[in-house]
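Student: Please take a close look at a single part of this model. I would like one connected account of how that part sits among its surroundings.

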Amino acid sequence: MRAFRLAFNLQDRHLETLLNASMSTLERRRRGQKNLDPVASERLDRIATVSHLAEEIFETPVTATDWMSTPNTALGGDAPIMLCETELGGKQVRRVLQSLEWGGPA
């Protein structure tokens, strides 16, 4: 969780939204070395999948992470990572990435 937070430079409120838990709950789980709940695990998996696609398209982890963390007009001004909270949002991000890969505007 810490690496995820640092990689995407996430504020507490964004991390809480993405992982469907308060910071105190997340900290308690970390201290107790407990797994995330199924919702948080699914969201992390979705973010990892979309981030991997972004890396393939942008060719560097830094560029992909920056793109995932920056508000995007093609996504209604939201940062792609925040849309990965839901499967539908993740699909929207993948469509934009595929459009970029195929040379379309995004």
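**A loop, a helix and the core**

Tutor: Asn20 lies in the loop between H2 and helix H3 (23–31). The model is a predicted one. Phi of Asn20 is near 55 degrees, a positive value in a residue that is not glycine. Asn20 is partly exposed, its relative accessible area being 43%. Another loop, the one between H4 and H5, holds Glu59. Glu59 also is not a glycine, and its phi is positive, about 75 degrees. With 69% relative accessibility, Glu59 counts as exposed.

Which residues of H5 are buried? They are Ala64, Thr65, Trp67 and Met68. These residues lie on the same side of H5, because the arc they cover around the axis is only 160 degrees. The buried residues of H5 pack against H1, H4, H6 and H7.

Met68 shows this packing in detail. Apart from neighbours within four places in sequence, Met68 is in contact with Phe8, Val50, Ser51, Ala54, Ala79, Pro80, Ile81 and Cys84. Met68 is also listed, with Phe4, Ile81 and Leu97, among the residues with the most contacts inside the largest nonpolar core, which has 26 residues. The elements that give two or more residues to this core are H1, H2, H4, H5, H6 and H7. H4 supplies the largest share, six residues. In soluble globular proteins, nonpolar side chains tend to be buried together.

How values were computed
Residues numbered from 1 in each chain as written. Predicted model: local features only at pLDDT ≥ 70, side-chain atom pairs only at ≥ 80, totals over all residues. Heavy atoms only, no water. Core = buried A, V, L, I, M, F, W, Y, C linked by side-chain atoms within 4.5 Å. Buried < 20%, exposed > 50% of the residue type's maximum accessible area, 1.4 Å probe, protein only. Helix = DSSP H or I, 4+ residues; strand = E, 2+ residues; numbered from the N terminus. Contact = heavy atoms within 4.5 Å. Arc of directions from axis to C-beta.
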